Amino acid sequence: MAIRKRQLVLAALVVALGAAVYLNWQFGGSQQIIDVGTGTSEHEFGAAQLVNGSVTSAPSSNSSVQENASENTSGTISTAETDVNSYFAQSRLERQKSRDASQELVQKVLDDSSASEDTKKEAANQAAEISSNIVTETNIENLIKSKGFIDCVAFLQNGSCNVVVHKEGEFVSADAIAIKDIVVTQAKITSDKIVIVSK
């Protein structure tokens, strides 16, 4: 009986993880994907590499600030900007729904009086991991936003991290390196386990 419940919990967590990955893929669409930490002999080890796009040098901060200020003087929000904002809100909502479902299943196992101690211990470890991931994702998102990004959402799962960012202007390799450093420091994972998508 205890083995069936353990399998049920693990299956539910796998389904929740699969749903999160699918939703991440579905909402990500055909955006630029940044692959960090998978350099070849042509690239410096650990350097960020832009996949399916071109990397340009960063514009000077004064010129980009002046351009952004002149573009935003009208006070209207474009449809594209609304779509991007909607994407980030929807991603956070879907991530929270899948986390809530996982936590609910774990709580059922913990509350089940017929569950074995091993099953309850495993469920408690999974609950702790979910809570830890929530805190780490929030820290990553806040630190990335502090670097000048308009919005960000991070997804930690199975020792890897997917980060979707929105930045006004061109996304450059220095941005990918800054994001990678934040994720490596906060999530304690290697750079080859990080995928960055620019929305």
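## How helices α3 and α4 cross

In this predicted model, helix α3 passes helix α4 in a left-handed crossing, a label used when the near helix is turned anticlockwise from the far one by less than a right angle, with right-handed used if the turn is clockwise. The axes of α3 (residues 79-111) and α4 come within 8 Å and cross at roughly 160 degrees, where axes are lines fitted to C-alpha atoms, for helices over the stretch in contact, and angles run from 0 to 180 degrees between N-to-C directions. That angle makes α3 roughly antiparallel to α4, since angles over 145 degrees count as roughly antiparallel, those under 35 as roughly parallel, 65 to 115 as roughly perpendicular and the rest as oblique.

Helices (H or I, at least four residues) and strands (E, at least two) are DSSP runs, numbered from the N terminus.

Leaving aside residues up to four places away in sequence, threonine 136 touches Leu156, Gln186 and Ala187, a contact being heavy atoms within 4.5 Å.

Glutamate 170 lies in the loop between β4 (160-166) and α5 (173-187), and its relative accessible area of 38% makes it partly exposed. Glutamate 170 and serine 198 are 28 residues apart in sequence and 9.7 Å apart in space, C-alpha to C-alpha.

The structure holds 0 disulfides. Cysteine 152 is buried at 0% relative accessibility, and cysteine 161 is also buried at 0%.

The mean pLDDT of the protein is 76, and 66% of its residues reach 70 or more; pLDDT is the predictor's confidence in each residue, from 0 to 100. It stays under 50 over residues 38-47, for which the model has 6 contacts beyond four places in sequence, and also over residues 49-75, with 21 such contacts. Where pLDDT is low, the predicted coordinates should not be read in detail.

Residues are numbered from 1 along each chain as its sequence is written, and side-chain values use heavy atoms, with hydrogens and water left out. Local features need pLDDT of at least 70 and side-chain atom pairs count only at pLDDT 80 or more, while totals for chains, interfaces and linings use all residues.

How values were computed
Disulfide = S-S within 2.5 Å. Buried < 20%, exposed > 50% of the residue type's maximum accessible area, 1.4 Å probe, protein only.
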